[in-house]
Amino acid sequence: SYMAKTRSTLVIDKRLHAGVTAAPQYLTGLDLFHTHANFPLVLVFKQGLDLALVERALVETLKHYPIIAGRYKKDAQGKVYADANDAGVDFRVHRCQGAMPYGLHNPLGKRVNDLVKMVMPWQMVDRDTPFLQVNIHQFEDGASVLCCYVPHSLFDGASFWGFLLDWSRACRGQAIKTPFFDRQILIDAGKKPIDETSYDLMMVPSLMGLMGLYARFGWRVATDMSREVFRIPAAVIEQWRAQGAQEPGVSNAATVSSGSLVAAYVMKAISPQLPAGVERSIGLVLDLRYRKQMGIPREYFGNALAYGEARYSARVIEQEGLCALAEKCRPTPEQVSVESLYKMLSLTESSRQKNATWRLLFKPSAETLNAGMILNNCVQLPMYDIDLGSGCPDWFEMLPATIRMLLVVQTPQKDGGVDLHLSARKGELRALRDRLIADGVNVA
């Protein structure tokens, strides 16, 4: 494996316990839909980490998050629940030879997996497999690479970064605000009577249809998917906004989000590479915590994200300006209506009852096989505020997506620029690189 090549030695391997237990929590349909696949998230700290402080603060944080120290179990009906039994989390420290090599010009990419002890989704239930694996890789130049490995069925991005922010608060002696853990609220929301005429955010393909889709996803991953990271400086984004102020049909260029602008730019660049005569789709994350009428607390811990989409014709992508496209980069009102969100929760809940959440798919995911791209706009997420006692991170990364996906994060300098991590086909990545170079953006 790659870590063998960097000659790393495991020096600490221990189980940390919260010293606290809590009531078990059944997983929701939305949790199960996201599967027990674990995902690694990497933060690089060039100034290193104080191991004793980081470990002590982690235990302190777990006291407020007892569910994270638990295990998945199945009841007699085959329903999965998280038993907050304090079986503990894994804390591992590795010594690595040489200087820490990762950053903008040398992203980890698939090597992220080499920083963890891999766990398969079927190893999560009724096994002694922790929900959190912390791996700290210490290099000879004093830098530390922190890699956390967690199952998507327990956390969405908002929950994960909330937990990390609390861990960083504990490192700095600040108070932790305990989140809202009762997942029953989402299970109950999926039992409300629904409006059958409302928009379908999800699809339920036939078995053959689903197998066909997965075969196409798999073929594309095996043959043609790659990922690159490009930095867009703040001055370039400001220039796009300034141009937008002159564009016809733009209501307010100053308020267009940098995430939407970058998505419009990427879609413009790759659209000629996408199939002709097919609508372009940008998949958009919908956070149920922000729909007041649904009554899901802002602090809800678990999966509360759905996906809507913005659609454009190829001609519109080609002809309209960036700001005009960016302003349209939002789901239609019917998609984000409370009725359509309850309908989606109802579908996930009835599928959970039948142990059939694996049959479901959000529409924008299927669209990535045609002319779609998922926008994962993380500009507002606090990855570069995670100060574990020795300063903020110098680099953030996650495993490249296996479908066409645009991850947008602020730069480590937090200067208004963004880093875009694009998972796409190789020809599309080349088209984006060429367009950036033609526009004078230094993508060395």
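Ring pairs join F39, Y65, F155, F160, W161, F163, W167, F181, F301 and F396 into a cluster. Rings of Phe, Tyr and Trp (its six-membered ring) pair if their centres lie within 6.5 Å; planes under 30 degrees apart count as stacked, over 60 as edge-to-face and the rest as tilted. By this rule there are 18 aromatic pairs.

Before you start: this is a predicted model, where local features need pLDDT of at least 70, side-chain atom pairs count only at pLDDT 80 or more, and totals for chains, interfaces and linings use all residues. Residues are numbered from 1 along each chain as its sequence is written, and side-chain values use heavy atoms, with hydrogens and water left out.

**Exercise 1.** Work out how the rings of F33 and F362 are arranged, and where the two residues sit.

*Step 1.* Look at the geometry: the ring centres of F33 and F362 are 5.2 Å apart and the planes stand at 85°, so you call the pair edge-to-face.

*Step 2.* Now place them: F33 is in helix α2 (residues 29-33) and F362 in strand β13 (residues 361-362), so to speak distant parts of the chain, 329 residues apart. Helices (H or I, at least four residues) and strands (E, at least two) are DSSP runs, numbered from the N terminus.

**Exercise 2.** Find what S159 touches, not counting residues up to four places away in sequence.

*Step 1.* Locate S159: helix α4 (residues 157-171) holds it. Its relative accessibility is 5%, so S159 counts as buried.

*Step 2.* List the contacts (heavy atoms within 4.5 Å): S159 touches R289, Y300, F301 and G302, leaving out residues up to four places away in sequence.

*Step 3.* Zoom in on G302: its backbone nitrogen lies 2.9 Å from a polar atom of the S159 side chain.

Definitions and conventions: Buried means under 20% relative accessible area, exposed over 50%, partly exposed in between (1.4 Å probe, protein chains only). A polar contact is a pair of N or O atoms within 3.5 Å; within protein, one must be able to donate a hydrogen and the other to accept it, and residues adjacent in sequence count only if both atoms are side-chain atoms.
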